[in-house]
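Dear colleague,

Please find below the structure that I promised to hand over. I would be grateful if you read the notes with the structure open beside them.

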Amino acid sequence: MTAASGIRLGAALVVVCLMSLGASASHYRLPASGIASKSETQALAKQNVRTTQALLKASAKVKARRALSKSTGITTDRLREMASLCDLLRVDGIGPSIARLLTVSAVADSSVLRKQSAGSLLGRMKAANAKHGIMEVLPSEQTLASWIKSASGLPKLL
């Protein structure tokens, strides 16, 4: 076995192990690759909101979003936008860049994602990415189908 084939085999085993463990969705510390600006991150930190998971929890419901808006000075519309991005992060495999690309492709959150057709969504993502230049490599139709299936199993939060 060559060193290169050993590395490929090792990488494949890691992927299989992660899949068998049910790798979970990721949440990030703010500003999380552009989900929040520096000033928004500072305002949210004063309210003890320092991660995308905490931001989603603190801004998922309208009443909570209004209270957070009042205490941070961030508009409710902007908090809803950030909460939508954080909601997409609940789907296994979706990170901040993909979440942004999904939102500019007319997928506001996981409840919208679950209603998509992978082929149609991929076409919209290609068009949106050509305009906005968010990703270098787009996910495959198979990956999108997996995300759609995963989103279907999530409870609606927003």
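The notes below describe a pair of packed helices and then some points along the backbone.

Please keep in mind that this is a predicted model.

Two packed helices are described by the angle between their axes and the distance between the axes. Here, helix H3 (residues 52–59) packs with helix H5 (residues 76–88) at an angle of about 125 degrees, and their axes are 9 Å apart. H3 is therefore oblique to H5. Their crossing is left-handed. On the H3 side, the contact is made by Thr 52, Leu 55, Leu 56 and Ser 59; H5 contributes Leu 79, Met 82, Ala 83, Cys 86 and Asp 87. Sorted by class, this contact has six nonpolar, two polar and one charged residues.

The backbone comes next. Most residues other than glycine have a negative phi, and most peptide bonds are trans. The following places depart from those patterns.

- The peptide bond from Leu 30 to Pro 31 is cis, with omega near 15 degrees. Pro 31 is found in the loop between helix H1 (3–21) and helix H2 (38–45).
- Asn 48, in the loop between H2 and H3, has a positive phi, near 65 degrees. Because its relative accessibility is 57%, and the cut-off is over 50%, Asn 48 counts as exposed.
- Ala 106 has a positive phi as well, near 70 degrees, and lies in the loop between helix H6 (96–104) and helix H7 (110–113). With a relative accessibility of 58%, Ala 106 also counts as exposed.

Yours sincerely

Key: Residues are numbered from 1 along each chain as its sequence is written. This is a predicted model: local features need pLDDT of at least 70, side-chain atom pairs count only at pLDDT 80 or more; totals for chains, interfaces and linings use all residues. Side-chain values use heavy atoms; hydrogens and water are left out. Axes are lines fitted to C-alpha atoms, for helices over the stretch in contact, and angles run from 0 to 180 degrees between N-to-C directions. Helices (H or I, at least four residues) and strands (E, at least two) are DSSP runs, numbered from the N terminus. Angles under 35 degrees count as roughly parallel, over 145 as roughly antiparallel, 65 to 115 as roughly perpendicular and the rest as oblique. A crossing is left-handed if the near helix is turned anticlockwise from the far one by less than a right angle, and right-handed if clockwise. Contact means heavy atoms within 4.5 Å. Ala, Val, Leu, Ile, Met, Phe, Trp, Tyr, Cys and Pro count as nonpolar, Asp, Glu, Lys and Arg as charged, and the others, Gly among them, as polar. Buried means under 20% relative accessible area, exposed over 50%, partly exposed in between (1.4 Å probe, protein chains only).
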